[in-house]
Amino acid sequence: MNETALTVQQTARPHGFPTAEDFAFVEAPIPAPAPGSALVENLYWSVDPYHREMMDGVPGGFALDAPLEGRTLGRVIASRTPLLTEGEIVFHRQGWRTHAVVTPEEIRRLPHFDGVPLTAYLSLLGGTGLTAYVGLTRIARLREGEDLFVSAAAGGVGTATGRFARLLGAGRLVGSAGSAAKADHLTREVGYDAVFDYHDGPAAGLLGKVAPDGIDVFVDNVGGEQLAAAVGALREFGRVVRIGTISQYNNPDAPPPRFDHADIVEKSIRMEGFLVRNYRDLQEELYEFAVPHLQSGRLALDETVVDGFEHIVDTFLGMLRGENTGKIIVRAK
């Protein structure tokens, strides 16, 4: 076993798009577990868009010059508690480091499902999939046959939303993405009926072409111009599920979306945001919904896996530039 542990720390608040200079890899001896805890060697790290927002000094965000948090899977390699067994794989949130000391209260045990790879617990069966599932079943309350528009449809939540919506009986499914190649993947592989490249023009016109008869639900990962376009396209009793605001993470001075607020009243539109951490009690329900479809092959994983913890910062920056398709995960070599 390597005798050195690595952690990633944020060293500066970014102004606009972050750079590698805003982070530092810090070496230290591998920590020893205290009584009642265990040492975990991390195997897989989740890289998520919300990390960008946490870099800005928001309440509960990242502290400077301290190890960053994140969803992680690791193997217990030394235990000083009977509640954690050496060799077992656990989920925890002390990510962006090669090793972590955890207590039993800080981990979640992973059930074993035949034919389901470990990475699924960070994608469709993890926070990404739970976000999509909650958005569709609890916030949108999607009904069979309803038409959906999903922004950032090629990201982790966007691909999960598309695949889950198909299983839930959605009608026409349209999305936005950042390239023609991503749009092609979404229509060929994920189940979207049509996807536009948001670089190709004003969002309202592009959405009108792929959804000329309007939409019932908008799952919003982006905000900005696409949110405004969706409000205009929503039918009566339409719903907006607010998940993220990627368009503003690196441009805090961007003007807020401009739409006709009378539409909210006249069309009886409901707009609701949520934090997935408030729905962790639905984890078992997500397993019951998704695992049989994963095992049958009806549900596939959309993942971009990068090898090597030393690439985690570059992988994060690449995700912000839209270089991934589906959930992006870093894997230990």
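The residues lining the largest cavity divide into 2 nonpolar, 4 polar and 2 charged. Here Ala, Val, Leu, Ile, Met, Phe, Trp, Tyr, Cys and Pro count as nonpolar, Asp, Glu, Lys and Arg as charged, and the others, Gly among them, as polar. The lining consists of Ser 123, Leu 124, Thr 128, Gly 156, Thr 159, Ala 160, Asp 302 and Lys 327. Helix H3 (residues 156-167) gives the most, with 3 residues.

The structure holds 1 cavity of 30 Å³ or more. The volume of the largest cavity is about 50 Å³. A cavity is a set of points, on a 1 Å grid over the protein atoms alone, where a 1.4 Å probe fits but cannot get out; lining residues have an atom within 4 Å of a point. Grid points are joined across faces, edges and corners, and a volume is the space filled by probe spheres set on the points.

## About the model

This is a predicted model: local features need pLDDT of at least 70, side-chain atom pairs count only at pLDDT 80 or more, and totals for chains, interfaces and linings use all residues. Residues are numbered from 1 along each chain as its sequence is written, and side-chain values use heavy atoms, with hydrogens and water left out.

## The whole chain

The chain has 10 helices and 15 strands. Helices (H or I, at least four residues) and strands (E, at least two) are DSSP runs, numbered from the N terminus. The radius of gyration is 20 Å, close to the 20 Å that the globule rule gives for 333 residues, so the chain is as compact as a globular protein of that length. That radius is taken over C-alpha atoms, and the rule is 2.2 Å times the number of residues to the power 0.38. Along the principal axes, the C-alpha atoms fill a box of roughly 60 × 45 × 35 Å.

Of the 333 residues, 53% count as buried. Buried means under 20% relative accessible area, exposed over 50%, partly exposed in between (1.4 Å probe, protein chains only). Residues 24 or more positions apart account for 68% of the contacts with a separation of 6 or more. A contact means heavy atoms within 4.5 Å.

Thr 161 sits in helix H3. Thr 161 counts as buried, at 1% relative accessibility. Leaving out residues up to four places away in sequence, Thr 161 touches Ala 132, Leu 136, Leu 148, Val 150 and Val 219.

Arg 188 lies in helix H4 (residues 180-190). Arg 188 is exposed, with a relative accessible area of 52%. Its C-alpha atom is separated by 25 Å from that of Val 134, 54 residues apart along the chain.

## An enclosed helix

Helix H10 (residues 312-320) is largely enclosed by the rest of the structure, because 8 of its 9 residues are buried. Among these are Ile 312, Phe 316 and Met 319. The buried residues of H10 pack against several elements, including strand E1 (4-10), helix H1 (50-54) and strand E15 (327-331). Just after H10, Gly 322 takes a positive phi of about 80 degrees.

## Positive phi in loops

Asp 65 is not a glycine, yet has a positive phi of about 60 degrees. Asp 65 is found in the loop between H1 and strand E4 (72-79). Asp 65 is exposed, with a relative accessible area of 52%.

Arg 141 is not a glycine either, and has a positive phi of about 50 degrees. The loop holding Arg 141 runs between helix H2 (127-139) and strand E8 (148-150).

How values were computed. On a 1 Å grid over the protein atoms alone, a cavity is a set of points where a 1.4 Å probe fits but cannot get out, and a pocket is an open set with protein on both sides within 12 Å along at least five of seven lines; lining residues have an atom within 4 Å of a point.
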